[in-house]
Amino acid sequence: MERSAQGFAGTGAPGTGPRVPAQPRATDRDRGATAPFADGPTPGPGGDAAAVRGEHTHGETPLERPRPLVQRSSVRGQILDALRTALVAGELTPGEVYSAPALGERFGVSATPVREAMQQLALEGAVEVVPNRGFRVIVRGTRELAELAEVRALIEVPVMLRLARTVPAECWAELRPLAEATVRAAASGCRATYAESDRAFHRAVLGLSGNGQLVSVADDLHRRSQWPLVGGPVSRGRADLVADAAEHLALLEALGAGDVDVVQALVREHFAGSR
């Protein structure tokens, strides 16, 4: 993946202070002509006041708008997505230190958006800052994954049980394409592709609660649970992903039927199997 980032620079004249513009003579004002419009059309009533306030007047040539500064943020977001994908796919090895310039060269951008993206990953707990060197990918073990699964169950199980009792069956049927997408992603064997579709399905299910804060917190925990262990770049093979995806379809069936006992058993098993 290659992206390009553009910088923005300003120029000025150091050592020169602001100058007060010469004020128009009374005779000029009486004639309705002022210095800014000496070579152009005479402004109508209030035209000179509009020019002083910096407002647009019909007699002036519109200036080209400055290029928006959101482009760097866009690059930063793209790099953040790429780094998250690299984490899930095991391309960033736990315990290894990566510098922003080296990663920037890999992605074809400057070190700045990479550094900003890495700082966001540090806030999420994926990496830690190593002064004067870069960022080290966090080493995780099975205990942390078990803790994440427990917290996810504490949050999502009660919500899904409530939704099973209150959401009509036709609403659950509308989520079937997302569940089927996870099956296709699992069959591809690409862990990063499956991770994205897996989170999309869970976000949609929890989104029926109408609680945006809950969806955001649960999605963050879900993303953390998808990072690989230190034992290898990928701890779950295609067979594990396929089995995980199949549980999404079974869960939808139970939710649509309002079978809370099956829903509870499936969700807990689903989280336990994601370790």
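Me: At what angle do helix 6 and helix 10 pack, and how are they oriented to each other?
Reply: This is a predicted model. In it, helix 6 (residues 142-166) packs on helix 10 (residues 212-225) with the axes 10 Å apart, at an angle of about 150 degrees. Angles over 145 degrees count as roughly antiparallel. The orientation of helix 6 to helix 10 is therefore roughly antiparallel.

Me: Is the crossing of helix 6 and helix 10 left-handed or right-handed, and what is the make-up of the contact by class?
Reply: The crossing of helix 6 and helix 10 is left-handed. From helix 6, the residues in contact include L145, L148, V151 and I155, along with R152 and E156. They meet residues of helix 10, among them L214, V217, A218, L221 and R224. By class, the contact of helix 6 with helix 10 holds nine nonpolar, two polar and three charged residues.

Me: How does helix 9 pack on helix 10, parallel or antiparallel?
Reply: Helix 9 (residues 191-207) and helix 10 have axes 10 Å apart and an angle of about 155 degrees. Over 145 degrees is the cut-off for roughly antiparallel. Helix 9 and helix 10 are therefore roughly antiparallel.

Me: What handedness does the crossing of helix 9 and helix 10 have, and how many charged residues are in the contact?
Reply: Helix 9 passes helix 10 in a right-handed crossing. Helix 9 contributes D198, R199, H202, R203, L206 and G207, while helix 10 contributes L214, V215, A218, D219, H222 and R223. By class, the contact of helix 9 with helix 10 has four nonpolar residues, three polar ones and, as the number asked for, five charged.

Me: Which strands stand at the edges of the sheet?
Reply: Three strands form an open antiparallel sheet in the order 1-3-2. Strand 3 (residues 134-137) pairs with strand 1 over two bridges and with strand 2 over four bridges. Each edge strand has a single partner, so one of its sides is left without a neighbour in the sheet; the edge strands are strand 1 (97-98) and strand 2 (127-130).

Me: Which residue of strand 3 is the bridge partner of Y98?
Reply: Strand 1 and strand 3 pair in the antiparallel sense. V129 also stands opposite the residue in question. The bridge partner of Y98 in strand 3 is F135.

Me: Which residue in the hairpin of strand 2 and strand 3 takes a positive phi?
Reply: Three residues lie between the two strands of this hairpin. A positive phi near 65 degrees is taken by N132.

Me: Over which residues does the pLDDT stay under 50?
Reply: The protein chain averages a pLDDT of 78, and 70% of the residues score at least 70. Where pLDDT is low, predicted coordinates should not be read in detail. The stretches under 50 include residues 1-57, with 36 contacts beyond four places in sequence, and, with six contacts beyond near neighbours in sequence, residues 65-71.

Conventions: Residues numbered from 1 in each chain as written. Predicted model: local features only at pLDDT ≥ 70, side-chain atom pairs only at ≥ 80, totals over all residues. Heavy atoms only, no water. Axes fitted to C-alpha atoms, helices over the stretch in contact; angles between N-to-C directions. Parallel < 35°, antiparallel > 145°, perpendicular 65-115°, else oblique. Left-handed = near helix turned anticlockwise from the far one by under 90°. Contact = heavy atoms within 4.5 Å. Nonpolar A, V, L, I, M, F, W, Y, C, P; charged D, E, K, R; others polar. Pairing = 2+ DSSP bridges. pLDDT = per-residue confidence, 0-100.
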